[in-house]
Amino acid sequence: MVSRLQQAGLDAAWTATLQAPAAGTPIAVVSAVTERLARRTDELVSCGRLPLVLGGDHSCAIGTWMGIARALAPRGPLGLVWIDAHMDAHTPETTPSGMLHGMPLACLLGHGDPHLTALDGHVRLDPRRVCLVGVRSFETAEAALLRRLDVRVFFMHEVARRGLAVVLAEALTIARDGAAGYGISLDLDALDPREAPGVGTPVPGGIRAFALRRALARLADDPALAALEIAEYNPHHDRRGATARLIGGIVASLAAQPRPARPLAARRAPCNDARHAAGGASRRAA
Ligand SMILES: [Mn+2]
């Protein structure tokens, strides 16, 4: 994937593969990964890079966006578009399964286990700049939390009726409003499982891959895009690598256009490119 991005003229590099600790309670494991991942994305954004996070369990989002929100904080808040078949907005009090991958969005909004919401350097996202796209499977309690916080949810039936391009444009307007930058967290189960079978919890009737690629290609030269995260890839459920290829295609769509130089005013600390290049596709055109 990195060589494909480089061929497209991007100054891209793979920086790090973070392994979860082998032992510990789920909260302890996710909390450890969150802190390490947040440090990474914070560093990359502070160095003017565009982090691309490829995750398994969507709980990685807590770390990804905590780090990016922290890096952007001196310039302003972070907006977030959450593309997912689910809401991921459970708290330990409402979850039927206890699974942490059902909670990351609630955590980012400041609702959840204090081991995940009160970490050092946690920056709570403002619900006014957060929205969901493609939701079609959820429980009442998480919907109630999002409604109480006034988070805009573009359900799948609205995406199907209005088209992804229109809905995503509206979602981006919400995420960008008054923000220093915005991010996109893509749970692969938002896509139709006929096209993206390699996920943990498939839900029929999702977003078409070509529509998503076309919509994301429009963001390729947007300097406000702070990071892209793609999560929930499960190779054991994939069929002949179809989902893996699809991930490559989605990432490549962001390389569809030449990217402008990113202002280096954001730079906070000296960057050692050998150390920081990983996982980040730079905006600097090669
Ligand atoms: Mn998810």
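Two residues are in contact when their C-beta atoms, placed from the backbone, lie within 7 Å. With that in hand, select Ile-27, which sits in helix H2. Apart from neighbours within four places in sequence, Ile-27 is in contact with Asp-113, His-115 and Leu-116. Ile-27 counts as partly exposed, because 16 other C-beta atoms lie within 10 Å.

Before moving on, zoom out to the whole chain. This is a predicted model, with an average pLDDT of 89 and 89% of the residues scoring at least 70. The chain has 11 helices and 8 strands, and 47% of its 286 residues count as buried. Among contacts with a separation of 6 or more, 73% are between residues 24 or more positions apart.

**Stop: H2 against H3**

Select residues 26-46 for helix H2 and residues 60-72 for helix H3. How do their axes lie? They come within 7 Å and cross at roughly 35 degrees, and the crossing is right-handed. To show the contact, display side chains on the H2 side, including Val-30, Val-33, Leu-37 and Val-45, and on the H3 side, including Ile-62, Met-66, Ile-68 and Leu-72. Arg-39 and Arg-40 of H2 and Arg-70 of H3 also take part. By class, the contact has 11 nonpolar, 6 polar and 5 charged residues.

**Stop: Gly-79**

Next, select Gly-79 in strand S3, residues 78-83. Is it buried or exposed? Gly-79 counts as buried because it has 29 C-beta neighbours inside 10 Å, and the cut-off for buried is 20 or more. Leaving out neighbours within four places in sequence, its contacts are Arg-129, Ala-175, Arg-176, Ala-179 and Tyr-182.

**Stop: helix H9**

Select residues 209-217, helix H9, and highlight its buried residues Ala-209, Leu-212, Ala-215 and Leu-216. Looking down the axis of H9, you will find these buried residues within an arc of 130 degrees, so they line one face of the helix. An α-helix has 3.6 residues a turn, so residues three or four places apart point the same way. Now show helix H8 (164-176) and helix H10 (242-253), which are among what covers the buried residues of H9.

**Stop: two positive phi angles**

Go to Asp-150, in the loop between helix H6 (140-149) and strand S5 (152-155). Its phi is positive, about 65 degrees, although it is not a glycine. Asp-150 is exposed, because 9 other C-beta atoms lie within 10 Å.

Then select Glu-232, in the loop between strand S7 (225-231) and H10. Glu-232 is not a glycine either, and its phi is positive at about 75 degrees. Glu-232 counts as buried because it has 25 C-beta neighbours inside 10 Å.

**Last stop: where to be careful**

Finally, select residues 263-268, where pLDDT stays under 50 and the model has 8 contacts beyond four places in sequence. Do likewise for residues 273-286, where pLDDT also stays under 50 and the model has 50 such contacts. Where pLDDT is low, the predicted coordinates should not be read in detail.

Terms used: Residues numbered from 1 in each chain as written. Predicted model: local features only at pLDDT ≥ 70, side-chain atom pairs only at ≥ 80, totals over all residues. Axes fitted to C-alpha atoms, helices over the stretch in contact; angles between N-to-C directions. Helix = DSSP H or I, 4+ residues; strand = E, 2+ residues; numbered from the N terminus. Left-handed = near helix turned anticlockwise from the far one by under 90°. Nonpolar A, V, L, I, M, F, W, Y, C, P; charged D, E, K, R; others polar. Buried ≥ 20, exposed ≤ 12 C-beta atoms within 10 Å, placed from the backbone. Arc of directions from axis to C-beta. pLDDT = per-residue confidence, 0-100.
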